[in-house]
Amino acid sequence: MSMHYLSKSKLISGWQCGKRLWLEKYQPDAAIISARTQAAFATGNQVGAVAQQQFPGGVLIEHDTELSAALQETADRLAEPGPVTLFEATFKADGVLIRADVLIREREGRVQLIEVKSATAVKDYHLQDCAIQLWVLEQLGLEVARVEVGHINNQFVYPGGGDYEGLFIYADVTAEARQLQPTVPRLVAELRAVLDGPEPEIPMGAHCTTPFDCPFIEYCKGPQAELPVAWLPGGRTLHARLERDGYRDMRDIPPGQLGDTAEWCRAVTVAGVPDLRPGAAAALRPLGWPRYYLDFETLGPAVPVFAGTRPYSPQAFQWSCHVEHADGTLTHHEFLADGSTAPMRACAQSLIQALGDTGPVLMYTSYEDSVLQRLIESCPDLEPPLQAIRARLFDLHPVTKRHYYHPDMHGSWSIKAVLPTIAADLSYADLQEVTVGTDAEVKFLEMLDPATGAERREVLREALLRYCKLDTEAMVRLARFLEGRG
């Protein structure tokens, strides 16, 4: 068996799926890193940086691309007498490389290992992660007294001023890591055998997205049928069942295999003709005027930015509203926080003023309702007018899902899937900087960063405004389409 060098991250990839590890080594160009995965990486880096601030006097082992230098500096630091705290301490044993988030060497010579995670609870893969590190450290003769997972405390309320004491909960997982430790050498041997062999034949399944989205999902799907069953609504569970039963093209699916919605979508796709049912117009016709089309953008960073907020708690920082009058004329209102203070109150106050007292407030999915509820929690004195807005909400999403389907929607009723089929002149692809919701939070946080220059800040501001405005313009066009108004 070849001595394939394996990092901790490679071992976790192989623990999730041996084929993923094989592809990472031999077909890396086939990987597609999703926006969600990129955002998760960014969050992890931010959380790690804040965690380091909780250990004053700690030393960062850098050399990200020069691992031999990182190994040497780690050894040199640990050779010095007395206690020491290291960040990204680097070790290698039996060809397995780890970089410990936090390693504390006590006066007695024992070490404490802390693995920092952006999750709000300890997960199974965290324990496997810790077991790998524990195995490497003890292979090298270090006495590990304690293993902890430092995860986000979602009850932490940020007091402001850069004070993040209390952001992390440090869970003692020493016993769990020791229990898993014997599995590590077996895992290493198994994965080296995988890398010695041909590409593994592993069918797709739940492991493709658990615990992480695999970047090779599209590769593993292979050549698709002309009308693949993956274009049906119902998610991976339905798709996997159909493929297990031998159906790859939706034209081959016999009667009785699908629910009503999936069968409708299959029939529309096979016919190649979109279907707009008359019930859509009937559902919208009773709505009064003016109509307010509302969309929010929120941030919920793991590391709170504004005093009084909690990790991952959604905070509205932007809204767009197109107002359509009975004669078809449109006006547009918008709000984007400047970031000088927590944005929720200014967001709520400006919204109350713009939406007036009468007329339906149209949204797409119930997300806007949940944001309004959060605004009420943040600004309880504004509860009466915000509750009045909630009472006026009308959701376009279920109307669309019940009454409209186009073959090009491929099983999705997201506004981004629907819009190209009804308004080819509007396109999210034409936007820059912000093209999906996850971009909005990232770009807003960049806009708040003191290191961002004024010119760049203005570019980001305009991109955020264009994106949110397109969301509500898309809703106007959709409502008109559903009613047969063009």
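**Notes on cores, a cavity and a pocket**

1. Let's start with L355: leaving aside neighbours within four places in sequence, L355 is in contact with Y292, L294, C321, V361, I389 and R392 (contact means heavy atoms within 4.5 Å). Before going on, keep in mind that this is a predicted model, where local features need pLDDT of at least 70, side-chain atom pairs count only at pLDDT 80 or more, and totals for chains, interfaces and linings use all residues. Residues are numbered from 1 along each chain as its sequence is written, and side-chain values use heavy atoms, with hydrogens and water left out.

2. Where does L355 belong? The largest nonpolar core has 81 residues, and L355 is listed with L232, F296, W319, L396 and F444 as having the most contacts inside it. A nonpolar core here is a set of buried Ala, Val, Leu, Ile, Met, Phe, Trp, Tyr and Cys residues joined through side-chain atoms within 4.5 Å. Helix α18 (residues 454–483) gives this core its largest share, 12 residues. (Helices are DSSP runs of H or I, at least four residues, numbered from the N terminus.) There is also a second, separate core of 38 residues, with L21, F91, L113 and L137 among them.

3. A cavity is a set of points on a 1 Å grid over the protein atoms alone where a 1.4 Å probe fits but cannot get out; a pocket is an open set with protein on both sides within 12 Å along at least five of seven lines; lining residues have an atom within 4 Å of a point. The largest cavity has a volume of about 90 Å³, a volume being the space filled by probe spheres set on the points, which are joined across faces, edges and corners. Its lining includes C17, M204, H207 and I217, and α2 and α8 each give two or more residues to it.

4. The second largest pocket has a volume of about 800 Å³. It has 30 lining residues, and M204, I217, K221, R236 and E243 are the closest to its centre. The largest share of the lining, 7 residues, comes from α9. So M204 and I217 turn up in the cavity lining too.

5. Is I32 buried or exposed? I32 counts as exposed because its relative accessibility is 51% (exposed is over 50%, buried under 20%, partly exposed in between, with a 1.4 Å probe and protein chains only). I32 is found in the loop between α2 (18–26) and α3 (35–53), and touches P215 and E218, not counting residues up to four places away in sequence.
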